Amino acid sequence: MPHRCLYDVRHANMASRRGNAKTQLQSDKYSVLLPTYNERENLPLIVWLLVKYFGESGYNYEIIVIDDGSPDGTLQIAEQLQKIYGSDKIILRPRAQKLGLGTAYIHGIKHATGNFVIIMDADLSHHPKFIPQFIEKQKEGGYDLVSGTRYRGDGGVYGWDLRRKLISRGANFVTQVLLRPGASDLTGSFRLYKKEVLEKLVERCVSKGYVFQMEMIVRARQLDCTIGEVPISFVDRVYGESKLGGNEIVSFLKGLLTLFATT
Amino acid sequence: MSHHTFRHRGVIKVRCLVESGELALCAAGGFCHFYFTLLCPIILCTMTKLLEWVFGVSLIGIAWGLVTFDLLDLQLPPRYKEVAWPMPIYLLVVFGCYSLATVGYRVATFNDCEDAAQELQAQIKQAKDDLKKKGLKM
């Protein structure tokens with residue numbers, strides 16, 4: 001009888017130690033990378049929304065603003081935000097000039113103290129309310145990468161006319177047929193990565209623009225990374241200024257064919 | 001007697017030919033077995049998408065050519081040839097229709113997020129007021 005009691009006590013001790021280890025794993029930190037260029041109007045709004053949703057969800061986070069020498073004073077606004085929200089939550093890592101998205105990610109990752117990295121657009125087309133959903137999806141399946149999709153489930157867009165929708169769906173169909181990537185939205189840039197996965201992928205990718213985001217997913221597949229998807233809504237407020245012209249379509253097709261022939 | 005020897009030699013020649021044919025077939029079979037069970041997975045795993053397509057299309061092309069042009073003298077019933085001959089065009093047309101239908105359906109069912117846009121507008125107002133209170137000079 002005494003022997004059995006000892007076993008129960010030891011078992012209880014082990015269980016409580018396991019419980020402590022589990023709570024330690026809960027200290028995941030999420031670094032949001034915001035590459036900005038001339039986002040003086042939008043940066044405070046996106047930061048306010050991020051702080052709101054992260055605050056409500058209780059996850060540990062930091063926001064890294066990577067400004068590429070914006071002439072409109074984005075950096076000054078970012079400094080004001082840093083005073084308001086604290087320099088542990090808003091981290092500024094500016095660069096001298098516009099150097100491209102891939103290098104912005106590399107630069108951001110170097111200064112990220114979280115174990116997860118969220119990449120998104122700073123122009124309010126991506127809404128931070130989806131970030132807790134990304135986090136939950138990642139925990140649910142232990143995914144290496146969670147991608148926001150506009151093409152599945154509740155996902156959708158606002159502010160696109162028929163021409164834009166047709167081009168978008170057509171391009172996505174061609175991409176699915178040629179690359180069979182296993183993800184429904186390849187050109188989307190609202191994603192959650194494990195930090196080491198993002199590091200591995202960025203150093204392997206060579207393309208620019210839309211094709212860069214596509215290449216990330218394709219290389220992730222090559223490296224056998226698991227990919228989860230969350231439907232998101234994409235509110236395009238700048239469509240009037242950045243029309244999808246013939247040049248962009250041609251460069252997209254060139255990039256797609258390069259990926260087709262080399263991966 | 002010489003007639004018998006000639007026929008006997010002829011029979012031996014034919015038998016040799018048949019045996020060497022069988023040997024060749026066995027060798028080919030052995031190679032195919034090796035190719036499909038060992039090399040193929042290795043090649044397929046490291047092939048680019050382009051090579052996968054080239055491989056797949058050439059397999060289908062060879063099969064089509066064999067049936068349509070009777071390259072192996074397989075003596076298939078003429079119905080097979082009639083069905084196989086227009087297959088490539090038929091498959092292309094079917095794929096074209098499928099593509100149009102799929103893209104058309106997806107464009108038609110592309111969600112328009114009106115609510116999200118309105119929510120965003122409301123939150124922008126809220127954010128601007130809150131930030132002004134906190135001291136942000138925009």
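## Helix 6 of chain A against helix 4 of chain B

In this predicted model, helix 6 of chain A (residues 162–179) packs on helix 4 of chain B (residues 87–108) at about 135°, with the two axes 9 Å apart. Axes here are lines fitted to C-alpha atoms, for helices over the stretch in contact, with angles between N-to-C directions running from 0 to 180 degrees. That angle makes helix 6 of chain A oblique to helix 4 of chain B (under 35 degrees is roughly parallel, over 145 roughly antiparallel, 65 to 115 roughly perpendicular, and the rest oblique). Helices and strands are DSSP runs numbered from the N terminus: H or I of at least four residues, or E of at least two.

As for who touches whom, the chain A side of this pair includes Leu162(A), Arg169(A) and Phe173(A), and the chain B side includes Phe95(B), Tyr98(B) and Arg106(B); contact means heavy atoms within 4.5 Å. Ala, Val, Leu, Ile, Met, Phe, Trp, Tyr, Cys and Pro count as nonpolar, Asp, Glu, Lys and Arg as charged, and the others, Gly among them, as polar.

## Helix 2 of chain A against helix 5 of chain B

Helix 2 of chain A meets helix 5 of chain B (residues 114–134) at about 95°, with axes 9 Å apart, so the two are roughly perpendicular. Among the residues making this contact are Trp48(A) and Tyr53(A) from helix 2 of chain A, and Leu120(B) and Ile124(B) from helix 5 of chain B. The class tally for this pair is nine nonpolar, two polar and four charged.

## The whole interface

Zooming out, chain A puts 44 residues into the contact and chain B puts in 34. Together the chains bury about 3500 Å², with 67% of it on carbon and sulfur atoms; this is the accessible area (1.4 Å probe) that two parts lose on being put together, summed over both. On the chain B side, Lys49(B), Phe110(B) and Leu120(B) supply 19% of the area buried against chain A, more than any other three residues.

## Two positive phi values in chain A

Asn38(A), in the loop between strand 1 and helix 2 of chain A, has phi near 55°, positive despite not being a glycine. Asp224(A) sits in the loop between helix 8 and strand 8 of chain A, and its phi is about 60°, again positive in a non-glycine.

Asn38(A) is partly exposed at 36% relative accessible area, whereas Asp224(A) is exposed at 67%. Buried means under 20%, exposed over 50%, and partly exposed in between (1.4 Å probe, protein chains only).

## Ground rules

Residues are numbered from 1 along each chain as its sequence is written, while chains are lettered from A and ligands numbered from 1 in the order written. Local features need pLDDT of at least 70 and side-chain atom pairs count only at pLDDT 80 or more, though totals for chains, interfaces and linings use all residues; side-chain values use heavy atoms, leaving out hydrogens and water.
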